[in-house]
Every structure is written in structure tokens, then in C-alpha cells.
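Work through the exercises below with the sequence and the coordinates at hand. Each task is followed by a solution in steps.

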Amino acid sequence: MAAVEAVIFDLDGVIVSTDEYHFQAWKQLADAEGIPFGREDNERLRGVSRMESLEILLEKASRAYSDAEKTAMAERKNAIYRESLRELSPADILPGVDEMLEDLRGRGIKMAVASSSKNAVPILEAIGLADAFDAVVDGTHISQSKPHPEVFALAGERLGIAPERCLVVEDAAAGVEAAIAAGMPVLAVGSAASHPGATLRADDLTGITTDEMLGLAGR
Ligand code: B16
Ligand code: MG
């Protein structure tokens, strides 16, 4: 791995535990519609845009839904999700994140958030990390969501760092694939840690040192 000069973090499931709120909101919608939906189905929604997530959820529906119904469902899910975000506070920052950000900042490493979410800015504000990154690229800036590399490529560009020197941190299979497609090494955490394409793996950010992340120490 080339020496890392920037770290690009996914948001939901890496920085903050909003992935559980996404699951609960989709589950509420699926239950109301009588569509089977469990945690295994939810894994496929990680990192994927809201409308694409809905299409995956509807694969198990017993009838077809019109475009107008789909738009209404996506809005309903987002309203439920936004309501749960009102509970969000710095306590929802995932283990190891604060320490990692501080350490990287101290070493002069550039940092960005690259998220498929259109709610990224209010989330960063709620957890007190709105000013912690050199760039924030989210679902409002891109036309193709992960596994397309657009969000990571744009984050690398905004930081002014070559792709091979940007380490992506991801919890989603779609995100790991997007990072690889962008030509970036990737630290896969959580359920993505079993992804065969990952450069580095950890259960969460307490499970890896900054030296290991930056390619300065072997694992
Ligand atoms: P929204 P990430 C992604 O964020 C989530 O993982 C994914 O589950 C969600 O559907 C997507 O954002 C869109 O979110 O409905 O808020 O626009 O993991 O890329 O930070
Ligand atoms: Mg994620």
C-alpha cells in the first residue's frame, strides 16, 4: 500500500450508528406494507441510495408499486428516519472514531466524509463533527451512488490527493466496491470486514492503530 496522505470516511455505520436508525425506519415501512424484511435484507441497503434501497426492499413485495407510490414510500421512510435523528448526539459517535480523528489531524493527514446520504450535513451537525473534516461529499453532490466510485473520486479531488494515497473506511460491501473502483485502498469495518477486496480489516476503529491504517506498521 502506498503511504496514505488522506483518509476518506463513510458516515453511516463508520462514524455514527445511524445505520441502525435506517434499518428501523425501513422495517417500519416494510411491516406496514406486509413486506418481509430482516437484518439480512438490510445488509444489502448499506451504502446504497434511498431509492435504490427501496427497490431492493420491494423485491419481496407481493405486488407492483407505481412510481408515485414509490416516491411516497421513500418520503415516508425518510420522515421516520429524520424523526429518529432528533435523538442523535455526540454519544452516537462509534467507538474509536474521536481518538482516530484527533490522531490523524495531529499527523497532518487530510480527512473527508464520503456518504451516499442526503442527510449527512444535519447528522454531522448533530454529533458535533460538522467542522472536523476538510471536505464533505454526500448524496446531494453525486448522480450515482456506491458501488459507483463517484463519491470517493470527488472526495479525493476536493482534498487534492491522488486516489492511491486516499484510504477509504467503509462498513458496506457497496462502499468497498466503490473504493476499489476509485483506485483507493480500503479499510473494511463491521459487516464489510469479510469482503475479499478489502486492503485492511477491523471490527471497528478500536481494532486498528493509526500506524497500521497509514501503512506505517504491518498487521
Ligand atoms: P439517505 P453512507 C448511506 O450512507 C446509508 O448507508 C444507506 O443505508 C442509505 O440508504 C443512504 O446513505 C442514503 O441515505 O436516505 O439519508 O439519503 O453509509 O454512504 O454514509
Ligand atoms: Mg455506511
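**Exercise 1.** Determine how much area is buried between domain 1 and domain 2, and what share of it carbon and sulfur atoms give.

Solution. The structure is a predicted model.
- Step 1: take the bounds. The domain assignment gives domain 1 as 6-17 + 92-213 and domain 2 as 19-87.
- Step 2: locate the centres. Taken over C-alpha atoms, the centres of the two domains are 24 Å apart. Domain 1 brings 16 residues to the contact, and domain 2 brings 16 residues.
- Step 3: compute the area. About 1200 Å² is buried between domain 1 and domain 2, with 42% coming from carbon and sulfur atoms.
- Step 4: Ser 17, Asn 119 and Ser 145 supply 34% of the area that domain 1 buries against domain 2, more than any other three residues.

**Exercise 2.** Count the salt bridges and the polar contacts across the interface of domain 1 and domain 2.

Solution. 
- Step 1: apply the salt-bridge rule, which finds one salt bridge across this interface.
- Step 2: examine the pair Arg 46 and Asp 171. Their closest N and O atoms are 2.7 Å apart, and the cut-off is 4 Å, so the pair is a salt bridge.
- Step 3: count polar contacts. The rule finds 10 residue pairs across the interface, with both residues at pLDDT 80 or more.

**Exercise 3.** Which residues coordinate the magnesium ion (ligand 2), and at what distances?

Solution. 
- Step 1: list the donors. They are Asp 10 (OD), Asp 12 (O) and Asp 171 (OD), at 2.0 to 2.2 Å.
- Step 2: write the spacing along the chain, which is D-x1-D-x158-D.
- Step 3: Asp 10 lies in the loop between strand S1 (6-9) and helix H1 (18-33), whereas Asp 171 lies in the loop between S4 and H8, 161 residues apart.
- Step 4: check accessibility. Asp 10 and Asp 171 are buried.

**Exercise 4.** Which residues of helix H8 (residues 173-181) are buried, and what covers them?

Solution. 
- Step 1: the buried residues are Ala 174, Gly 175, Val 176, Ala 178 and Ala 179.
- Step 2: the cover includes helix H7 (150-159), strand S4 (166-170) and strand S5 (186-189).
- Step 3: continue past the helix. Just after H8, Gly 183 takes a positive phi of about 80 degrees.

**Exercise 5.** Is Ala 79 buried, partly exposed or exposed?

Solution. 
- Step 1: find the residue. Ala 79 belongs to helix H4 (residues 67-85).
- Step 2: compare with the cut-offs. Its relative accessible area is 47%; buried means under 20% and exposed over 50%, so Ala 79 is partly exposed.

Terms used
Residues are numbered from 1 along each chain as its sequence is written. Chains are lettered from A and ligands numbered from 1 in the order in which they are written. This is a predicted model: local features need pLDDT of at least 70, side-chain atom pairs count only at pLDDT 80 or more; totals for chains, interfaces and linings use all residues. Side-chain values use heavy atoms; hydrogens and water are left out. Buried means under 20% relative accessible area, exposed over 50%, partly exposed in between (1.4 Å probe, protein chains only). Helices (H or I, at least four residues) and strands (E, at least two) are DSSP runs, numbered from the N terminus. Contact means heavy atoms within 4.5 Å. Donors are N, O and S atoms within 2.8 Å of the metal (3.2 Å for Na, K and Ca); water is not among the atoms, so sites may look incomplete. Domain bounds come from an automatic or database domain assignment. Buried area is the accessible area (1.4 Å probe) that two parts lose on being put together, summed over both. A salt bridge is a side-chain nitrogen of Lys or Arg within 4 Å of a carboxyl oxygen of Asp or Glu. A polar contact is a pair of N or O atoms within 3.5 Å; within protein, one must be able to donate a hydrogen and the other to accept it, and residues adjacent in sequence count only if both atoms are side-chain atoms.
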